[in-house]
Amino acid sequence: MTVIPQRRIGRDGPLTGVLSLGSWHTYDRMDFREAVDLVRTAVDSGITLFDVGVYGFPGAAPVFTDVLFSAMVRAAGLRREDYLLSAKLWLEGYPEHNLRDQLDNALFRAGVEHADLVVLGDLRRDDTDLHRLVLDLNELREAGLIRQWGVNNWSATTIRALHDFAAAENVPGPAIAQLKYSVARRSIPDGEPFAKVFGDLGVTLQSSDIFEGGVLLGKNSGARQVGRDPGDIRERISASAPALAKIAAELDATPAQLCLAFTLTHPANTTALFGATSTRQLKDNLGAVDLVERVGAERLRELVEPYWADRGVVDPEGP
């Protein structure tokens, strides 16, 4: 089986595969035996980073995708050193809803003693104490509960502020920025503000929402839950799906391989995060790595340039 290339998280973090698997609304939709085969196949292919969050909203039905991941890992016979776990920490209610309690719960549900990476969820309040946040994260690191940390869809300016607080305290700052990045949503990861974040601070990119919840593949009729729609451009993105499928066919690839391959062309990209609900889908997506090698990064980016939907609509600085 082909093993995908490895890249480093941040400047000095661990190596991980250029592809990684997410869990949002995924494992709880799968047959368990198929899910076990999926995670085993992923690790054997070099996909070692698993984004496993505690999801669910107050008043909504409980969600167990992270608990299922724990059972999948055991059933697959994986050792803890065989994979990297990325947990999510949420800032709604912070600091009263503190990071330590959230992490303890996440680790308990995932059946592990530490997270290799934690990613902070969306920053929704301007008065969040970023200095305290850096210190709280360092306490988790010193307690051996986390190794690295990053942020999900934060602005370039805010990431720089986190970095400055960390530098002043002589503690590690953010290592990775999880950003929406796809053939349609490029303005933020490809923009000048984040070029400086990647270049000056050593923060690397984890591409996420790369299929726009299946919309880019023409597979979401509205039944599946999809992330936020910055710029209100989802209808335009949906309209581009047939043209992208045609380009993919001309390259003897699938639309998913084309969309994944595009994210691998970003020079700061450590890993591209996607969800798969079958082993066959996972194996198909591995072909994205070969597609970049066959076609070349520059040519791939040229081919999908017309489908850059958020250009001039979304501020490259970020949310």
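Reader: In what sense do strand β4 and β5 pair, and over how many bridges?

Author: β4 (residues 49-51) and β5 pair in the parallel sense over three bridges. Two strands count as paired if DSSP finds at least two bridges between them, so the three bridges here meet the criterion. F50 stands opposite L85 in β5. Strands are DSSP runs of E with at least two residues, helices are runs of H or I with at least four, and both are numbered from the N terminus. The model is a predicted one, in which local features need pLDDT of at least 70 and side-chain atom pairs count only at pLDDT 80 or more, while totals for chains, interfaces and linings use all residues. Residues are numbered from 1 along each chain as its sequence is written, and side-chain values use heavy atoms, with hydrogens and water left out.

Reader: Which strand pairs with β5 in four bridges?

Author: That strand is β6 (residues 115-120), and its pairing with β5 is parallel. The bridge partner of S86 in β6 is L117.

Reader: What makes the unit of β5, helix α3 and β6 right-handed?

Author: A crossover is right-handed if, with the strands pointing away from the viewer, the path from the first strand over the helix to the second runs clockwise. β5, α3 (residues 99-110) and β6 make a right-handed β-α-β unit.

Reader: Why is strand β5 described as mostly covered?

Author: Six of the six residues of β5 (residues 84-89) are buried. Buried means under 20% relative accessible area, exposed means over 50%, and partly exposed lies in between, with a 1.4 Å probe and protein chains only. In a regular strand the side chains alternate between the two faces of the sheet. In β5 both faces are covered: L84, S86 and K88 are buried on one side, and L85, A87 and L89 on the other.

Reader: Which strands close into the barrel, and in what order?

Author: Eight strands close into a barrel in the order β3-β4-β5-β6-β7-β8-β9-β10, with parallel pairing. The twist averages 30 degrees from one strand to the next; axes are lines fitted to C-alpha atoms, for helices over the stretch in contact, and angles run from 0 to 180 degrees between N-to-C directions. G150 stands opposite I176 in β8.

Reader: How many aromatic pairs are there by the ring rule?

Author: The count comes to six aromatic pairs. Rings of Phe, Tyr and Trp (its six-membered ring) pair if their centres lie within 6.5 Å; planes under 30 degrees apart count as stacked, over 60 as edge-to-face and the rest as tilted. F69 lies in helix α2 (residues 65-75) and Y83 in the loop between α2 and β5, so the pair ties together parts that are 14 residues apart in sequence.

Reader: Why are F69 and Y83 called buried?

Author: F69 has a relative accessible area of 1% and is therefore buried. Y83 is also buried, at 5%. Ring pairs link Y27, F50, F69 and Y83 into a cluster.

Reader: What makes the pair of F194 and F198 tilted?

Author: The planes of F194 and F198 are 45 degrees apart and the centres 5.8 Å apart, so the pair is neither stacked nor edge-to-face. F194 and F198 both lie in helix α6 (residues 192-201), four residues apart, about one turn of the helix. F194 counts as buried because its relative accessibility is 0%, and F198 counts as buried at 11%.

Reader: Where does the charged end of R80 sit?

Author: The charged end of R80 sits over the ring of Y83, 4.8 Å from its centre. The rule requires NZ of Lys or CZ of Arg to be within 6 Å of the ring centre and within 35 degrees of the ring normal.

Reader: Is G218 buried or exposed?

Author: G218 has a relative accessible area of 59%, so this residue is exposed. G218 is found in the loop between β9 (204-208) and α7 (234-239).
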